[in-house]
Amino acid sequence: MNKKEKLEFDDFYEFKKNKKNVKYKITKKDFIYRILPIILIPMLVVLTTVSTHSDYLIRKWASYIIYILLAFVIVVFVAGILFYKKRMFGKKVMILKIFFTIYIIVCSTFLMLLYGPIDNFKSWYISTGMATMNHQYLVRWFYSSKEINKVLNSNYIKEVDEETDKSLINQEKKVTYKNEYDKQILDHNKNDKYKIIELTVNGQKAYLAAVYDPSKVKVAVTKGLGSYGQYVTKMASDSKALLAVNGGGFYDPGANDRGGKPTGVTIENGVIKSDNNYSSYTQFGGLIGMTNDNVLVLMKNATGKKAIAAGVRDAVSWGPFLIVNGKKSFIKGNGGWGYAARTAIGQREDGIILLLVVDSNSTRTKGADMVDLTEIMSNYGAVNAANLDGGTSSVFVLPKKKSLKYIDSCAGDYCYINDPVNANLVHKTRGIATSIVVTE
C-alpha cells in the first residue's frame with residue numbers, strides 16, 4: 001500500500017473500490033450538520049409519542065425538552081445547508097441528501113401539527129379518527145386517553161330527544177317561496193322527478209337532490225348481505241334508479257373492505273333484512289326510514305318489529321340525527337366527527353326529500369362537519385334530517401346520460417358525479433351494504 005492509498009483517520013476515510021480510489025468523507029461538521037439531525041428526528045417522534053401517553057407531571061417537562069431539541073435540530077440542519085458547503089459523500093449522493101432534507105422537514109412539520117400550539121389539526125385528527133369504527137388506533141398511537149377525551153368533550157352533538165312527529169309533514173300543502181333556498185327547490189318544471197342543486201362546502205363540491213315524490217325513495221341492499229358489499233352503481237342499475245346515494249352504516253371488522261354487514265335495522269320494501277344481526281353500533285342516531293305514507297321517520301332504539309309496526313317500509317341505520325321535528329341538534333365544535341366526505345337525508349314539510357353528498361379533498365382533510373350538514377338541511381327547509389354513512393362511502397350516482405352533465409366521461413350504465421377518495425387517498429369508492437335509491 002503506497003502513501004496515496006493509506007487510510008487516513010484525522011479528516012476522512014479512503015477505501016479502494018472497483019480499482020478506483022473513492023473518497024467517503026465523514027468529518028465532525030458532517031456529523032453535526034447532516035447525521036445528527038437524521039438521528040434525532042426519529043428519536044423525537046418516539047419521545048413525543050411516549051410523553052403524550054403519560055398522565056404524570058413528567059409529560060409537561062418532556063414537552064419542553066422536545067421543543068428545545070426540535071428547535072436545535074432545525075437550527076443545526078438549516079445552518080448546515082446555508083453555511084457548510086463541503087460535500088458529505090460527493091456529488092453522486094445529492095439525491096440522498098435531498099431525500100433526508102425532505103424527511104426532516106416532513107417529520108418536523110408532523111410533530112408541530114400533532115403537538116404544536118395550534119389545536120386545529122389535533123382537533124380534526126382526534127375527532128375524525130375517533131368517529132370511525134376501525135381506525136381509532138391511529139389516534140391512540142399519538143395521544144393519551146386524557147387528551148382524546150379533552151378534544152371530544154369540546155366537540156360533540158346532543159341530539160333532540162324526540163321521535164318524528166309525522167303530522168308535521170303535509171304533502172298536499174302548497175308552500176310559497178319563503179327565501180332563496182325555497183326558490184331553488186320549488187322552481188322546476190312540472191314533470192321533473194328531481195332537481196340537483198350544486199353547492200360548495202368548505203371549498204369542496206357538493207350535490208343536493210330535491211326529490212319531489214317521496215314515494216320513490218327506497219332502500220337497496222347488497223346481494224351479498226352478510227358477506228360482501230356492492231357498489232352503489234350496481235345497486236342503482238339493479239333498481240333502475242333515477243339517482244342513488246349511499247345509505248347506512250355497516251360493520252367491517254378488521255377493515256377488510258367486505259362491507260356486507262349493515263349496522264342496526266335494515267328494511268327493504270317492507271322486509272326486514274337485518275335486525276342488529278351484525279352490529280347494533282350506530283354512532284348516535286338510530287333508524288332512518290321511509291313509512292308507507294312516505295314520511296321520513298327517525299327512531300331511537302328501534303327493532304325491526306317495532307319499525308314494521310310503525311309502518312316503516314324502507315330503512316337503514318346510522319346517524320347522528322341532525323334535525324328532529326324542526327329542532328336542530330345542539331352541536332359544540334365540529335360535533336365530534338371532524339371534516340370528511342358526507343351524505344345526509346332530510347324531508348321538508350311539503351314532503352320533498354333532500355339527498356345531500358359533500359366531497360372531501362385528496363388528502364381527506366376537508367369536507368363537511370355536522371354543523372355544515374345541519375345548516376344546509378335547515379336552510380333548504382328540512383323538518384327532519386340525519387347523517388348517513390360518509391367518507392369513502394359517500395357517492396352520488398346518476399344514469400350515464402344524466403351524469404355527463406357533471407363529469408367528462410362515464411364508462412358504465414351508471415356513474416358517480418362526485419369524487420370519492422378512499423383510505424389510501426385513491427380516487428375510488430368501495431362496496432357497501434345499503435344505498436338510498438330513487439326509482440321510477
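**Labels and their grounds**

Reader: What makes Asn294 count as buried or exposed?

Author: Its relative accessibility is 15%. Buried means under 20% relative accessible area, exposed means over 50%, and partly exposed lies in between (1.4 Å probe, protein chains only). So Asn294, at 15%, counts as buried.

Reader: What sort of model is this, and how are residues numbered?

Author: The model is predicted: local features need pLDDT of at least 70 and side-chain atom pairs count only at pLDDT 80 or more, while totals for chains, interfaces and linings use all residues. Numbering starts from 1 along each chain as its sequence is written, and side-chain values use heavy atoms, with hydrogens and water left out.

Reader: Where does Asn294 lie, and what is its phi?

Author: Asn294 is in the loop between β12 and β13 (296-299). Strands (E, at least two residues) and helices (H or I, at least four residues) are DSSP runs, numbered from the N terminus. The phi of Asn294 is positive, about 65 degrees, although the residue is not a glycine. Most residues other than glycine have a negative phi, and most peptide bonds are trans.

Reader: Which value makes Asn269 exposed?

Author: Its relative accessible area is 64%. That is over 50%, so Asn269 is exposed. Asn269 sits in the loop between β10 (265-268) and β11 (271-275). Its phi is near 50 degrees, a positive value in a residue other than glycine.

Reader: Why are Glu162 and Lys327 called a salt bridge?

Author: Their side chains meet at 2.5 Å, N to O. A salt bridge is a side-chain nitrogen of Lys or Arg within 4 Å of a carboxyl oxygen of Asp or Glu. So the pair qualifies. Glu162 lies in the loop between β3 (156-158) and α7 (180-186) and Lys327 in strand β16 (residues 327-328), so the pair ties together parts that are 165 residues apart in sequence. Glu162 is partly exposed at 28%, and Lys327 is partly exposed at 42%.

Reader: How many salt bridges does the structure hold?

Author: It holds 13. One of them joins Arg348 and Asp182, at 2.8 Å, N to O. This pair links distant parts of the chain: Arg348 is in strand β18 (residues 342-348) and Asp182 is in helix α7, 166 residues apart. Arg348 and Asp182 are both buried. Asp182, Arg348 and Asp350 are linked in a network of salt bridges.

Reader: What makes Glu440 and Lys193 a salt bridge?

Author: Their closest N and O atoms are 3.3 Å apart. That is within 4 Å, so the label holds. Glu440 lies in the segment after β23 and Lys193 in the loop between α7 and β4 (194-201), so parts 247 residues apart in sequence are tied together. Glu440 counts as exposed at 57%, whereas Lys193 counts as partly exposed at 42%.

**Helices and contacts**

Reader: How do you know that the buried residues of α8 line one face?

Author: In helix α8 (residues 232-239), Val232, Thr233, Met235 and Ala236 are buried. Seen down the axis, they fall within an arc of 165 degrees, so they line one face of the helix. The arc is that of the directions from the helix axis to the C-beta atoms. The buried residues pack against β6, β7 (243-246), β21 (396-399), β22 (414-416) and β23 (434-438). Just after α8, Lys240 takes a positive phi of about 50 degrees.

Reader: Which residues does Leu186 touch?

Author: Leu186, in helix α7, touches Val175, Thr176, Tyr177, Arg348, Asp350 and Ile352, not counting residues up to four places away in sequence. Contact means heavy atoms within 4.5 Å. At 18% relative accessibility, Leu186 counts as buried. The C-alpha atoms of Leu186 and Ile352 are separated by 9.6 Å, though the two residues are 166 residues apart along the chain.
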